[in-house]
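Me: I am new to this structure. Could you show it to me and take me through it?
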Amino acid sequence: MNLLINRRLRQRQDGIAIIIVLAFVVLLAGIVVAYLSRTSTDRQVAHGSFNETKADQLARSALEVVVSDLKQEIANGPTITSSTVMPQRSPTPAPGTTPAIPNLIRRSVRSDAIPSPPAVRSRASAVNSTSDASINGRSVSFARWNSHYLVPKANTGDSSSDPITTGFSPPNYWAPDWVIVTRNGPVVFDVWNYALADASPTNSNYSIGRYAYAVYDEGGLLDFNVAGYPYPSPSPAVTPSALVTNIGRKGVIGFADLTAMKITGGGSTPNPTTVTKMVAWRNYATLKSSGNFPNISPTPDPAASDFVNYVLSIGRDFRTVATTSYNNRTDQAFVSRKELIELFRSIGGSFNMLQFLGTFSRERNVPTWQAGTAAITQRFSIGNLNLIRPNPGAAQTADIQEYFGLQWVNGTPGNGGTTPPTPAIPGHWKYIGATGATLQDRIPAFTSNPEFFQLLNYAMNSTNADDMIHIFTTLSIGAAIIDQYDDGTAADPTTGTTTTMMQYNGGWAFGLENTDPARPPSPAPSPFPPPAGMSPTPPPAISTYVMLNRPFRNVGEFGYAFRTAPGPTPTPSPNPKTLDFYTATSPDAPILDFFTYNTASPRAGIVNLNTQNIAVIAAILKGAITSEASSSVVGQAASNNAAASPTPNPTIGIVTNAATGTEGTLVKPVRGRADMPRLAAAAGTTIGSSEEAKETIARVLAEVGQTRTWGLIIDVIAQSGRYPPTATGLADFVVEGEKRYWLHVAIDRFTGEIIDQQLEAVYE
């Protein structure tokens, strides 16, 4: 009996053991399956991460290659001409015609026909990023390529990024071709090569990936971190106001009128209300904005706000926002193009505007015009003219000599006790030079950092050597500039004259004021000042001479200054000769390149004058004052016609000069600000027929334009992957990873230096 019980107990224990063992087996199997599953997943994740990392490295390397090619282009063309001042374009537009895609500089393209040298060809192979899908079905659509909206939209009535394809041949149109990257770097393949799929360690032509790119002219766009202002109601074009006056005097890109831009083929223009909302968001604290996003509004009267003072700050570089806060918020800047696009999407702005707007512009505030070996590393601040006041204080004396080479001499009262009576000598300036102590008989030579008159003489007479010939003319023009800049009430305490007078070793030079109480015939009692009058006396007035009697807003306003010729009296009425900023061959043109209102360097918000966007030039011009006396302004039609006149005047326009035209930037790119009068000549009489009206071009564009910086967006898409052994064509690529970047970069055309850059990762 006991034996039977023991046997049954052993059987029961054996059964439990089997169950436990089986449970452990099941548990172990689950762990193994989970481990294998996790390992497989981790392997897939690691493989994907590895391929994405490869694609990222490939994209960054591609950007370095493209930037290096651009710098090599600069090195290949050290002599700057109209044909080399801008990056070479591919395809090359027909002279005088607006290209189908104005912003497109070049792209990776097979059989690249770009002029080489100076440019470097793109190294692209015969496989297209859009029309030639990969073996696993990957391609880049036109809409994806235009997700930045820098190419004109095919449908201007929606927010899609589908671009135009007109002007390019099917089936690839303007879509970039792939640059195939081998173990040996980018290599051009016009036909399939089996070495691309051969992974043998010794095969240097084995493909490790590919990239495609396009380069766009962001420097030719309006930087929306700076450009544009809030719109009052009614229109500033019909209602004089402080804002209208400030817009009209221009000087900064903040006064560009975005409503001037024709954003569709039918001539539609941006909605002022929408633009105001975007500016109110951007300059929230400055404009003391209110409301809930996206319905944001500035203070009711923008003219009374701090906006004008903000944009007119002479030292602001606009690369960062102001520190002012309002309602615990500051102004806001677009740190990426994607942010600008999202603002348009949120506020309901027209996406057609985006082809004219950027978020990244940079310029060194340095002249480009040069004669001889002078080293001029910065422009002269117009604001320094504020120092030149009669009888200055001791604190200003050193600065006045440093910046102008002048020293004040107090006037001497007349003496009636002599025979004949001795006239009064007016308080005046002695020209002694920046480091001198005695009267100069010449404009001294310089090697660097010239003072005002040296710089003026250098610009007008192309010399930085001792110049005895032009001292009278140079000092006289400088004095006339000073009289235009001051308020007309600053008078010599001794004689009451308001005319700027300068003595040099050999004679006197004079400015010109419309109103001078000491000008003959003297007021009672006569002679004035008693008892014997004064010597020298102010030159005669010219009734038609336009006087500003206010600080300059831009260097173009130098054009109001009287341009004396050798001799004691000015040109008589009715046509006083002033500095010439409106004829194509003006000898005064270089002046525009050496003086500046805003002194920051580097700075943002400056437009490349060689932009091929007509709308950009039109926006800068609209609202500009064409006549100081009447405050008439450039309207919508005039701004667009000045930029590019339509038929029947296709040969007139700053940008386009078709047919027999030769002065527009599409025919003859601008090399520097000294070419500005040529652009005024190109605009013809679209703004007005008087010299003052024609020089509106110089007053508006010179201060906000530049040519020496290449401001670019490089759009690159890189794909890591391989060609499988079964591949038979260049399209049979297996895509394993992809990365896209927009590189904003500013390159100094004169030095090849990268002024600044910003890398924007694109997530789609």
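Predicted model: local features only at pLDDT ≥ 70, side-chain atom pairs only at ≥ 80, totals over all residues.

Me: Is the peptide bond from Ser116 to Pro117 cis or trans?
Reply: That bond is cis, with omega near -5°. The bond from Pro117 to Pro118 is also cis, with omega near 10°.

Me: Where is Pro117?
Reply: Pro117 sits in the loop between strand S1 (104–107) and helix H2 (142–145); helices (H or I, at least four residues) and strands (E, at least two) are DSSP runs, numbered from the N terminus.

Me: New topic: what is the phi of Lys250?
Reply: Lys250 has a positive phi of about 55°, although it is not a glycine. Lys250 lies in the loop between helix H3 (242–249) and helix H4 (272–282).

Me: And is Lys250 buried or exposed?
Reply: Lys250 is buried, with a relative accessible area of 2%. Buried means under 20% relative accessible area, exposed over 50%, and partly exposed in between (1.4 Å probe, protein chains only).

Me: What about Asn549?
Reply: Asn549, a residue other than glycine, has a positive phi near 50°. At 28% relative accessibility, Asn549 counts as partly exposed.

Notes:
Residues numbered from 1 in each chain as written. Heavy atoms only, no water.
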